[in-house]
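Have the sequence and the model open side by side for this one. We'll walk through the charged pairs and then move on to the strands.

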Amino acid sequence: MLEMTIAGRSVSTFATGAFSPGEEAAVVYIHSFAAGQAETIAKLCKQKYILVNLPWTDELTPWPAKKAFPKGKDFTGGGDRYGKELVDIMLPGIEEQIRQYYDVKIEERRRGLAGYSLAGLFALYTAYRTDCFPLTGSVSGSLWYDAFLQYVLAHTPMDLKPQIAETGTKRRFYFSLGDREERVREPRMRRVALCTEAIVTQLGQMYDVAYVRNPGGHFTEPEKRMAAGIDALLR
């Protein structure tokens, strides 16, 4: 495990297998919301890659919105600002240390951003705002978020940066959702399956898109779901 601090944020990385000197390595970024979660995900994955664990943040939403629960807090937005920091500052610093520590080359065409819940929302939003993550995973993503479906239906993901696109790489998406996630009291969150499936249909017209329904609710086996999604993206 490699640990570092980039832009004042604590970052940890986990290699799911051994790499030969100079070997190309896929890199997948996640935001974990529980201690030990990233390490568990790495252990469950079957594909060989380097998992980058970023700290959870309140900046994962695309724009401000009212809170979802009476005792919760309003969503503050901040996704654009944080996404720019991630791409412009954090990613270069993280990947330079990965190159040195693991003695690998970064396989940019297999760089991914995946997330659970609000981090799944952020991962998908980032596909529309940045050009360096060909692989996107939204696992039990909060795609019910206010006005997000309308945003997706009115926009297309950003073209990949030239050095990635020139390899023939195209964007790939993975979505999964528990089969009980829409069975909640909060009216907006009850729309999660409807919104997710509309987004899957929209993106499926242009890209390689996988969609899986898992048994259970929102908090059922998140590590297992994340590992399955990352494995699918790296297949």
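There are 22 salt bridges in this structure, a salt bridge being a side-chain nitrogen of Lys or Arg within 4 Å of a carboxyl oxygen of Asp or Glu. Before we pick some out, keep in mind that this is a predicted model, where local features need pLDDT of at least 70 and side-chain atom pairs count only at pLDDT 80 or more, while totals for chains, interfaces and linings use all residues. Residues are numbered from 1 along each chain as its sequence is written, and side-chain values use heavy atoms, with hydrogens and water left out.

Start with Arg129 and Asp80, whose side chains meet in a salt bridge at 2.8 Å, N to O. Arg129 sits in helix 3 (residues 118-129) and Asp80 in helix 2 (residues 79-102), so this pair ties together parts that are 49 residues apart in sequence. Helices and strands here are DSSP runs numbered from the N terminus (helices: H or I, at least four residues; strands: E, at least two). Arg129 is partly exposed, at 43% relative accessible area, and Asp80 is partly exposed too, at 33%. For these labels, buried means under 20% relative accessible area, exposed means over 50%, and partly exposed is in between (1.4 Å probe, protein chains only).

Now stay in helix 2. Arg81 forms a salt bridge with Glu85, with 3.2 Å between the closest N and O atoms; the two lie four residues apart in that helix, about one turn. Arg81 is partly exposed at 44%, whereas Glu85 is buried at 13%. This pair also belongs to a network of salt bridges that links Arg9, Glu59, Arg81 and Glu85. Asp88 is partly exposed at 45%, and Lys84 counts as exposed at 56%.

On to the strands. Which order do the strands of the open sheet take? The eight of them run 1-2-4-3-7-8-9-10, with mixed pairing; two strands pair if DSSP finds at least two bridges between them. Strand 1 (2-6) and strand 10 (208-214) are at the edges with a single partner strand each, so one side of each has no neighbour in the sheet. On average, neighbouring strands are turned by 20° against each other, direction ignored.

Zoom in on strand 2. It is antiparallel to strand 1, and five bridges join the two, with Leu2 standing opposite Thr13. The two strands form a hairpin with two residues between them, and Ala7 in the turn has a positive phi of about 50°. Strand 2 (residues 9-15) is also joined to strand 4 (residues 50-55), through four bridges and again antiparallel. Here Phe14 stands opposite Leu51, and Ser12 has Asn53 as its bridge partner. Five of the seven residues of strand 2 are buried, so this strand is largely enclosed by the rest of the structure.

Finally, look for helix 7 (residues 222-233). Helix 7 packs on the sheet, in contact (heavy atoms within 4.5 Å) with several strands, including strand 3 (23-32), strand 4 and strand 7 (104-116). Its direction makes about 155° with that of strand 9 (172-178), where axes are lines fitted to C-alpha atoms, for helices over the stretch in contact, and angles run from 0 to 180 degrees between N-to-C directions.
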